[in-house]
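Q: I'm new to this one. Could you take me through a single part up close, and then show me the chain around it?

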Amino acid sequence: MQLKRSPQSVLQALASGALALPGLAHGDTPETRWTGDYGYSLYSEDKVPASKLAAGSRRRYAIDTHQFRLEGPLSGRLGMGLDFAYESMSGATPWYVEEDADGKPIQVMSGATIEEERVDTQLRGSYYFDNARAGAGAGFSLENDYTAVNGALEGETHFFEKNSTLGAGFGFSYDMLEPTDAQDFDRPQSETKQSLSAFAAWSQVLGRSSTLQTSLAYQHQRGYLSDPYKLVSAGVDGNVRDDRPEQRNQATWLTRYRKHFSATGSTLHLDYRFYVDDWEINSHTLELAIHQAIWEAFRIVPSLRYYSQSAADFYGPFFDAAPAGPASSDYRLSPFGAFSWRIKGETRLRGWPFGMDWSASVAYERYISSGDLALGKVSVASPGLVSFDLVSVGLGGRF
Amino acid sequence: MRAAALLAALGLCAPLAGCASVKPWERETLALEEMAFEPDPLEAAQRAHVYWSKEASLPGGGTGGGGCGCN
């Protein structure tokens with residue numbers, strides 16, 4: 001099942017294309033050709049170390065994802081896009097955390113392997129004015145225990161001979177949750193969640209070979225935000241439900257810089273993100289990538305990413321007794337830092353075969369998270385922190 | 001100098017005016033695919049989706065992502 005979902009799904013799909021290269025490459029007209037892309041990725045989490053496992057299966061999640069994207073012109077001023085994703089997931093998940101004989105937290109995993117599937121579809125359209133563009137989109141996501149529908153409106157306009165672009169958008173999502181085995185495990189039978197989100201972004205040409213974009217995004221959620229599949233160890237009171245506040249306000253500031261070095265044929269990507277919410281979590285993310293041309297038709301893209309977050313104010317690995325207010329032992333709400341490195345190879349063929357432009361890529365990423373990697377001192381790290389491998393391949397054609 | 005330009009872009013360009021006046025015929029480099037903020041939207045969506053499901057933070061505005069929050 002999905003425990004977190006955002007109306008930004010469609011909003012971001014709209015905006016990612018819209019703000020990708022504002023006012024620079026294609027002007028205010030839709031693409032004149034259709035583009036089709038396929039992506040496959042294999043996500044595989046490391047096994048839980050035996051020293052951190054109290055009970056349950058060591059084998060964590062593995063996810064196969066197939067993505068399809070089709071976009072192109074409907075007329076001179078109208079363009080459309082369609083995204084489809086299919087995921088199949090299997091493995092055990094963190095259930096709750098216990099205290100061992102030495103007072104250290106150890107993880108209890110779900111015992112049985114969970115098998116799940118998810119389908120996600122997003123449809124979007126854009127209308128191009130002389131110096132602006134407006135877009136709308138809608139989508140849905142389906143799992144056996146989770147249904148979500150979302151929609152968004154967004155747009156952008158240019159200033160200063162298209163050296164500057166202002167974009168903004170709004171989105172919503174309505175999620176319905178019906179946990180499996182609700183009666184057997186004292187889970188809620190049916191819950192809902194509503195989300196509203198908005199963003200504004202300013203993109204600026206800094207010179208002939210450098211650009212910068214800075215954006216603010218905000219999301220308000222209300223409803224059932226807890227995880228029905230997790231428990232909290234509450235000492236003398238046994239295990240109690242994961243219980244989170246019924247509202248959450250989140251904000252993100254993201255700034256991205258691009259610089260091309262013609263002498264070496266390399267392009268620098270530098271991104272920084274600051275995040276804060278009213279669950280008292282804040283985070284910093286820094287990502288660096290170099291797009292390096294090797295030959296005319298081949299590039300490699302090494303990249304590094306660092307992430308650090310603080311804990312939610314109601315997070316605890318375990319409690320002495322049932323807390324009077326919200327409480328969660330979800331490792332995703334714990335304090336930690338993460339580091340990942342990635343390498344990607346990409347090739348492009350122009351006009352061949354079949355008179356089409358082609359692209360193909362393969363990438364590998366390694367992600368590790370730990371309390372020791374956090375910016376601040378973490379006295380007790382969650383035993384459920386995850387490390388994973390992500391292998392991706394992509395194939396695209398323009399016709 | 002470059003740092004000053006970056007700071008100017010962050011703090012001053014938006015409310016006042018463009019930092020540079022690059023003409024359309026001077027944008028060959030800017031039009032390179034790798035100069036896009038997201039050269040590969042499909043890949044960006046998948047990666048943001050993975051991070052988002054394993055971390056507490058919201059992806060930035062205008063970035064790909066959303067979707068799975070798998071356990």
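A: Start with Leu82(A), which stands opposite Leu123(A) in S7(A). This is a predicted model, where local features need pLDDT of at least 70, side-chain atom pairs count only at pLDDT 80 or more, and totals for chains, interfaces and linings use all residues. Residues are numbered from 1 along each chain as its sequence is written, while chains are lettered from A and ligands numbered from 1 in the order in which they are written.

Strand S7 (residues 114-128) of chain A pairs with strand S4 (residues 78-91) of chain A, antiparallel, over 14 bridges. Strands pair if DSSP finds at least two bridges between them. S7(A) also pairs with strand S8 (residues 132-143) of chain A, again in the antiparallel sense, over ten bridges. Here Tyr128(A) stands opposite Arg133(A) in S8(A), and with three residues between them, S7(A) and S8(A) form a hairpin.

Now step back to the chain. Chain A has one helix and 21 strands; these are DSSP runs numbered from the N terminus, helices being H or I of at least four residues and strands E of at least two. Its radius of gyration is 23 Å, close to the 21 Å that the globule rule gives for 399 residues, so chain A is as compact as a globular protein of that length. That radius is taken over C-alpha atoms, and the rule is 2.2 Å times the number of residues to the power 0.38. The C-alpha trace of chain A spans about 65 × 40 × 40 Å along its principal axes.

As for the complex, the predictor gives an ipTM of 0.91 and a pTM of 0.90.
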